[in-house]
Amino acid sequence: MAVLEEQEGIAGGVAPIGGPPAAVTGAAAPVSTPASAPTSRLGALGSTPRRLRVLAGSLLGLLLLTGVLAVTTVAARQSATTAARQRTAPLVVDAQAIDIALSDADATSAGSFLEGRIEPAALRTEYLADTARASAMLASAEQAAGSSSEASAAFQTVATDLPIYTGLVATASAAERQGSYPLAAAYLAEANNLMRSDMLPAVTRVYTVESSGLTTDEGRASGSWLAVLTGGVLLVLLGLLVATQVWMGRRFRRSLNVPLAVATVLVLVVGVWFSLSLAAQATHVDSAGSSGSAPLATFTQARILALELRADDELTLLTRDSVPSYQQDASSVALSLNRLLATGNGTASEQMLTGQVRREAAAVQAVHDRIRSTDRSGRLPSAVALASGAGSEDLPALSSNLDATLATGVDRAQQSFGSSMAAADADLSALGWGTALLLSVAAALVAFGFRPRIAEYR
Amino acid sequence: MRPLATGSRRPVAVAVVMLLATLAAACSSAPSSAPVAVTTPDVVPAGAHVVHPTPPSPNQTCGDPTASLAPPATMPTPGAMPAGSRMAQIQARGYLLAGVDQNTYLWGYRDPVTGGFSGFDIDMVRQVSQAIFGSPDKVIYVVVPNADRVQAVQDGEVDLVAETMTINCQREQSVDFSTVYYVAGQQILVPVNSPIAGPADLGGKRVCATEGSTSLQNLVGTAVARGVQVWAVPNETDCLVMLQQGQIDAISTDDAILQGLRAQDPNTKIVGATFTNEPYGMAISKAHPELTSFVNGVLAAERSDGTWARIYADNLGPYVPGPNPTPPPATYRGSP
């Protein structure tokens with residue numbers, strides 16, 4: 001304080017920019033001793049040359065720290081965004097698609113057995129398409145799983161089970177064609193058991209693990225502590241830059257040290273750019289979660305549950321005698337489905353879709369109840385007709401309506417996730433190297449700004 | 001003192017290098033794949049499991065459990081059931097509720113051609129419908145799991161159960177049985193190329209039976225001595241699936257059921273003599289003795305007028321070798 005006050009009278013003096021030191025007196029002037037100015041931060045640093053060196057070092061150190069922190073922040077967010085976009089999200093989507101293909105194959109095969117000895121061509125085609133899709137997706141998903149040993153082990157399980165499953169269904173089909181109806185039903189029940197006790201749980205495991213991985217990625221992609229730390233260091237840097245210029249202005253009677261002033265502006269630009277970009281990116285990541293991965297999970301789970309409900313009804317009619325638990329499963333599935341649909345929220349178009357899903361799910365559950373009551377009162381042929389008929393009020397039509405709507409929801413959510421994450425990625429595209437470049441220039445300017453002052457003391 | 005001006009440039013260079021290095025580091029990460037061990041899955045039917053041998057429980061005794069109520073002196077005409085009787089209530093309802101199986105080939109199963117129910121048990125039920133309504137088709141079939149048969153009759157969920165159900169003392173305590181309409185016995189089904197020729201060859205082999213069946217109890221009782229590995233499955237057809245998949249060596253249950261399994265797989269054979277006696281009867285609630293008596297009247301008529309022989313010829317004739325048997329005789333213990 002003592003030094004600054006002592007210089008107050010000449011602080012307003014104007015000096016040519018970048019010119020030689022105006023007065024040697026400044027340099028030669030006796031500086032206050034640490035004892036005489038215990039409260040001055042700059043003064044506490046001792047002699048002017050020492051102060052200059054410490055200031056220059058501090059500023060360059062802070063610039064380096066800011067740069068490293070900023071680049072690390074951007075890199076961390078980018079790697080999280082990239083991980084979410086390129087690995088985790090595709091794995092989740094693949095797992096869901098495999099789950100749906102397998103569930104649909106299971107429901108379709110049960111349905112075609114319900115139809116009787118001659119397998120309907122349309123159901124046969126659908127079953128083949130489902131297994132082909134599951135098989136193809138498994139191959140790509142196993143590759144995408146890469147280092148995730150849990151995911152690849154689970155996909156491996158499904159991959160080894162799938163040929164066994166299709167073999168059992170084919171055996172059931174052959175038995176059915178020869179009129180060995182109970183044997184056909186037994187093979188189908190075995191296939192279904194393999195699907196439900198081993199294959200679908202494996203896919204669900206991937207889905208659960210990678211979904212939480214996605215949430216983690218999304219959290220990391222919009223993680224704030226590193227950004228806040230960077231911002232804090234940046235503020236300290238700005239403060240020190242301003243304080244340095246004020247002190248130098250007074251000490252050397254220069255109103256403006258242009259290199260330092262430009263460096264200050266650059267740091268300010270970096271600060272504004274950095275915070276605006278990160279805020280925009282975080283918003284995009286948030287919307288990727290709220291209108292992307294969250295509804296994606298809801299719609300997919302609902303889709304899987306709806307398919308399971310349909311298969312439960314078909315298998316009850318086919319093999320209830322041996323496995324009476326299908327209806328227990330059906331009621332818990334229906335419960336989960338309703339709970340899931342009750343939590344639906346989000347954008348207006350999504351709500352509209354959810355409303356449609358609720359209506360169609362209610363229709364499916366109504367026909368499910370009708371099938372149950374018809375079957376319980378012993379009118380099996382009528383129950384079978386409801387469960388396998390081609391009418392618009394029968395289970396297959398209502399179930400596929402619901403499935404199509406849920407599939408639309410899945411597609412939309414997937415697109416929304418993709419575009420939001422792409423936007424989040426774009427928000428950071430130039431920020432990393434841009435920040436590094438600007439701060440490097442600022443560092444050079446600081447060095448350049450200090451050089452003449454320090455030179456005066458040689 | 002070392003000139004500061006040159007020293008101050010170094011941090012700039014260091015800063016730039018470090019910033020670039022950080023940027024570069026942020027851009028590279030290579031995934032690596034770990035080899036995954038493959039295990040061959042052993043797929044068995046749902047609920048299949050090995051049963052550990054337990055000593056046989058002592059059989060309950062109750063005299064002759066197959067002795068049933070005598071038929072009424074004169075059978076009522078179809079469509080004119082005596083007032084106040086259970087049959088009259090059924091007639092008023094318009095249909096008979098029958099508990100059956102839908103997966104036991106030749107006995108109670110859904111015919112893939114007609115979509116309806118077929119089998120020996122089903123024909124027994126149709127005769128009862130014929131006697132009440134004058135039409136064999138006034139039946140609503142309720143598929144009842146084997147383990148729930150007694151309960152379904154006790155709860156009145158069905159009027160009767162016709163489901164390859166062995167009459168025994170334990171069940172007799174809870175429900176009434178009609179007279180015997182078929183006598184089965186436990187036998188063994190093996191692949192045609194199997195060396196197993198009878199119960200004596202089962203030592204050290206894997207044998208399958210239906211969960212909760214008397215066949216399973218018989219096997220488990222003898223398993224201690226013979227070292228038989230006994231598999232229990234929810235449905236007898238699951239045994240055939242396991243046999244075809246090479247997971248068991250033999251199936252042991254009622255010959256009646258084995259004939260249905262063999263009919264579905266010509267590469268199997270039934271070996272050895274029957275080693276148990278399993279008289280089948282229809283289970284009816286103890287609350288309606290007049291219905292049991294009425295059903296016994298229906299069965300008596302079937303025995304004498306050749307209906308039983310026709311039903312046997314229709315359902316079992318093509319699949320059971322040897323001449324068609326005569327119907328099992330009825331034994332009665334009194335009138336309601």
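I started with a strand pair: in chain B, strand β1 (residues 49–51) runs antiparallel to β13(B), and three bridges join the two. I noted one facing pair here, V50(B) opposite W231(B) of β13(B). The model is a predicted one, and I read every entry with that in mind.

Next I looked for another partner of β13(B). Strand β12 (residues 206–210) of chain B pairs with β13(B) in the parallel sense, over five bridges. I found T210(B) bridged to V233(B) in β13(B). So β13(B) pairs with β1 in the antiparallel sense and with β12 in the parallel sense, by the criterion of at least two bridges.

Is β13(B) mostly covered or mostly open? I checked residues 229–233 of chain B and found four of the five buried. For chain B as a whole, I noted that 46% of the 336 residues count as buried.

I then listed the secondary structure of chain B, which comes to 11 helices and 18 strands. Among contacts in chain B with a separation of 6 or more, 75% are between residues 24 or more positions apart.

Last, I looked up the domains. The assignment for chain B gives domain 1 as 68–183 + 279–334 and domain 2 as 186–271. I read 27 Å between the centres of the two domains, taken over C-alpha atoms. Their contact involves 13 residues of domain 1 and 15 residues of domain 2. What classes of residue does domain 1 of chain B place on the side that touches domain 2? I noted eight nonpolar, five polar and no charged residues there.

Terms used
Residues numbered from 1 in each chain as written. Chains lettered and ligands numbered in written order. Predicted model: local features only at pLDDT ≥ 70, side-chain atom pairs only at ≥ 80, totals over all residues. Buried ≥ 20, exposed ≤ 12 C-beta atoms within 10 Å, placed from the backbone. Contact = placed C-beta atoms within 7 Å. Domains from an automatic or database assignment. Nonpolar A, V, L, I, M, F, W, Y, C, P; charged D, E, K, R; others polar.
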